[in-house]
Amino acid sequence: MPSFGDCFTLLRRRCLRMWNRLSGAFGGIVAALRLHPHEGHTVWSPGSAHDHEMQRIYRIRRAAVLCAGALVLVGLLAGVGVAVNNARAGKVQGRSYAKAVASSSRTKPDGYGPLVRQAAPAAQPLAVLTDSQRKAIASKAQTVAEASGNTVRRYRYCISSTDDIDGITVFESVVFRTLNSSLGWPRAGATFSYAGSGCDMTLILAEADTMRSFSEGCSEEYSCRVEDKVIINADRWRNGTSNWLKAGGTVERYRQLVINHEVGHRLGHLDNEATCSVPGGAAPVMQQQSMSLGGCSPNEWPLDSELWVS
């Protein structure tokens, strides 16, 4: 793309060419106007037919020369105008080009090509845990529980659902990973294992319109706990709550929150036992964060003050 300097050089060249042409033309005009019709004749008779003819030729020649000069002048002005417009266009295009280059000057870490800004990546699909992964998670949870200083309690849980909900095996894997996380209830001395029967609690993934079938105290909007049943509202499981998401949480973190909160009831905790100690601090896991954060920040794990089991 031509730069402004190139356009200026082009303008100067055009002006010089026009000036040379104009100078030649005006030189001819001046010479023609200075040439008297009697010059070059040694004999002149005023009032003669020859004199009248020479006067007529002189007037025609003068008119032709003046018209030619006017055309040259118009051409020069038109050329200057075009050159100026080209220069302006070149300057504007140069700025646009420079701006485009600057905006794409960042490169990928590997150095190949311009960095393409992309939307935030979508949530990774949940996967079913393998046996080896379960063993590693359970072993770490046991280590954390034993180091907690609290009595180690081992809970067995069952998994169920209503209306044959898809993804129940994935649901169980998230439950296992969350309950046995080194950030969670193992810090209070509790560990958890999946069992087909003889369970201390049953985690149920239930459609919203079935929630009240477990208890009148349950709501179609939220999850609840009824004795040994921990009922997770499938709508909340899929979508979280707008209040929590707007505060910076994610659906994946909300799933961990609702598991830890409802199982926390089974461990002896109550709703809203405490709130964050400072504005913007992490909300206690037993706070009803689904309904309101009360100035706290989203948090899916039990705080130090909540590390007890009754």
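## A tour of the disulfides and salt bridges

Begin by selecting C158 and C199, which form a disulfide (a pair of cysteine sulfur atoms within 2.5 Å) with their sulfur atoms 1.6 Å apart. What you have open is a predicted model, in which local features need pLDDT of at least 70 and side-chain atom pairs count only at pLDDT 80 or more, while totals for chains, interfaces and linings use all residues. Residues are numbered from 1 along each chain as its sequence is written, and side-chain values use heavy atoms, with hydrogens and water left out.

Stay with this pair and look along the S-S bond: the torsion there is about 65 degrees, so the disulfide of C158 and C199 is right-handed. C158 lies in strand β1 (residues 153-161), whereas C199 sits in the loop between β2 (190-194) and β3 (201-206), so the link ties together parts that are 41 residues apart in sequence. Helices (H or I, at least four residues) and strands (E, at least two) are DSSP runs, numbered from the N terminus. If you colour by accessibility, C158 counts as buried at 12% relative accessibility, and C199 is partly exposed at 23%; buried means under 20% relative accessible area, exposed over 50%, and partly exposed in between, with a 1.4 Å probe and protein chains only.

Next, select C218 and C224, which are joined by a disulfide with an S to S distance of 2.0 Å. The torsion about their S-S bond is about 80 degrees, so this disulfide is right-handed. C218 is buried at 3% relative accessibility, and C224 is buried at 9%.

Move on to C276 and C296, whose disulfide has an S to S distance of 2.1 Å. Here the torsion about the S-S bond is -85 degrees, and the link of C276 and C296 is left-handed. Both cysteines lie in the segment after α7 (251-266), so the pair ties together parts that are 20 residues apart in sequence. Both C276 and C296 are buried. The structure holds three disulfides, and with bonded cysteines counted along the chain they follow the pattern 1-2, 3-4, 5-6.

Now turn to the charged side chains. Side chains of opposite charge can pair when their charged atoms come close. The structure holds six salt bridges (a side-chain nitrogen of Lys or Arg within 4 Å of a carboxyl oxygen of Asp or Glu).

Select E172 and R134, which form a salt bridge with the closest N and O atoms 2.3 Å apart. This pair links distant parts of the chain, with E172 in helix α4 (residues 168-179) and R134 in helix α3 (residues 131-147), 38 residues apart. E172 counts as buried at 6% relative accessibility, and R134 is buried at 18%.

Then select D228 and R266, a salt bridge in which the closest N and O atoms are 3.1 Å apart. D228 lies in the loop between β4 (224-226) and β5 (229-233) and R266 in helix α7, so the pair ties together parts that are 38 residues apart in sequence. D228 is partly exposed at 40% relative accessibility, and R266 is partly exposed at 22%.

E300 lies in the segment after α7 and R253 in helix α7, 47 residues apart. E300 is buried at 7% relative accessible area, whereas R253 counts as partly exposed at 25%.

Finally, select E207, D235 and R238 together: these residues are linked in a network of salt bridges.
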